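This briefing goes through selected contacts, cores, a pocket, aromatic pairs and backbone angles of one protein model. Please read it with the sequence and the structure side by side.

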Amino acid sequence: MLKLLCYASDLPSGVRQGQLPGACEQVACALDGQKVVDFLPSSSHLLHYYASDVALPASNAHCTQVEDALQDRHYGVWAGRSLRDMSAAEQLSFLSDPTFAPPEGESFSAFCRRTTQWLQAVGQMAQPAVVLARPAVVRSLVTHVLYPAEGSVTMAHAARVDVQPGSYSLLTCHAGQWRVGMLNAPA
């Protein structure tokens, strides 16, 4: 059985003020090594998958692998833009149309497809691993596990799952079937 411990990093600084995340801004990751041992007790050697938009903790002594598929959604020229600065039509499209992509950006559907493909590929492994990613990425992985049918993940499904910054979630895979073992455990 594969165990995948997902740590949700901090949010980019402008998100709390209603701004879309910036592509270049790397966010802090306060991964607690003792928590990892608590959640994955039989794992002496862990692979850490992390997105380049998350700062890797300095104390990390494990094998690390950058995964582009684990980056936050790409907002194109809208990165760093406030939702309040968008027209009503832009807001409606952005918040309700899963195929809508900001100029030079990525749609919600494409973002979910990217993270889902990564999860399906990593599901072939037998070694426990840690994922260090932004909360939206962890939410996308969890949402895929909860709604696994092709094309079934909608914006409404994603809106029902909260992933708090600094929290841990555990996904397990046995015989190709993913399960949510834990969601939003505090740091």
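S9 touches V27, A28, V54, A133, R134, P135, P165 and G166, not counting residues up to four places away in sequence; contact here means heavy atoms within 4.5 Å. The model is predicted, so local features need pLDDT of at least 70 and side-chain atom pairs count only at pLDDT 80 or more, while totals for chains, interfaces and linings use all residues. Residues are numbered from 1 along each chain as its sequence is written, and side-chain values use heavy atoms, with hydrogens and water left out.

**Buried residues and their contacts**

- S9 is found in the loop between β1 (2–8) and α1 (33–39); helices (H or I, at least four residues) and strands (E, at least two) are DSSP runs, numbered from the N terminus.
- The relative accessible area of S9 is 0%, so S9 is buried; buried means under 20%, exposed over 50% and partly exposed in between, with a 1.4 Å probe and protein chains only.
- Q71 is placed in the loop between β3 and α2 and counts as buried, at 16% relative accessibility.
- Leaving out residues up to four places away in sequence, Q71 touches A51, S52, D53, F111, R114 and V137.
- Q71 and A133 are 62 residues apart along the chain, and their C-alpha atoms are separated by 7.0 Å.
- V138 lies in helix α4 and is buried, with a relative accessible area of 1%.
- Apart from neighbours within four places in sequence, V138 is in contact with C6, Y7, A8, A133, V163 and S169.
- From V138 to D72 the C-alpha distance is 9.5 Å, and the two are 66 residues apart in sequence.

**An exposed loop residue**

- D85 has its place in the loop between β3 and α2.
- With a relative accessible area of 57%, D85 is exposed.
- D85 and G18 are 67 residues apart in sequence, and their C-alpha atoms are 9.8 Å apart in space.

**Nonpolar cores**

- The largest nonpolar core has 48 residues, of which L4, L5, W118, L119, V131, L171 and W178 touch the most other members; such a core is a set of buried Ala, Val, Leu, Ile, Met, Phe, Trp, Tyr and Cys residues joined through side-chain atoms within 4.5 Å.
- L5 is in contact with V36, F39, L40, A129, V130, V131, Y168, S169, L170 and M182, leaving aside its neighbours within four places in sequence.
- A second core is separate and has 5 residues, including L20, W78, M86 and F94.

**Aromatic pairs**

- The count comes to 6 aromatic pairs; rings of Phe, Tyr and Trp (its six-membered ring) pair if their centres lie within 6.5 Å, and planes under 30 degrees apart count as stacked, over 60 as edge-to-face and the rest as tilted.
- W78 and F100 have ring centres 5.6 Å apart and planes at 45°, so this pair is tilted.
- Because W78 lies in the loop between β3 (63–66) and α2 (88–96) and F100 in the loop between α2 and α3 (108–122), the pair ties together parts that are 22 residues apart in sequence.
- W78 counts as buried at 4% relative accessibility, whereas F100 counts as partly exposed at 21%.
- One aromatic cluster is formed by Y75, W78, F94 and F100.

**The largest pocket**

- The volume of the largest pocket is about 710 Å³; on a 1 Å grid over the protein atoms alone, a pocket is an open set of points where a 1.4 Å probe fits, with protein on both sides within 12 Å along at least five of seven lines.
- Grid points are joined across faces, edges and corners, and the volume is the space filled by probe spheres set on the points.
- Its lining has 27 residues, and V15, D72, Y75, A136 and R139 lie nearest the centre of the pocket; lining residues have an atom within 4 Å of a point.
- At least two lining residues come from each of α2, α3, α4 (135–146) and α5 (155–159).
- The lining has 19 nonpolar, 3 polar and 5 charged residues; Ala, Val, Leu, Ile, Met, Phe, Trp, Tyr, Cys and Pro count as nonpolar, Asp, Glu, Lys and Arg as charged, and the others, Gly among them, as polar.

**Positive phi angles**

- A175, a residue other than glycine, has a positive phi near 55°.
- A175 lies in the loop between β5 (168–174) and β6 (177–185) and is exposed, with a relative accessible area of 71%.
- N184 is not a glycine, yet its phi is positive at about 65°.
- N184 lies in strand β6 and counts as partly exposed at 24% relative accessibility.
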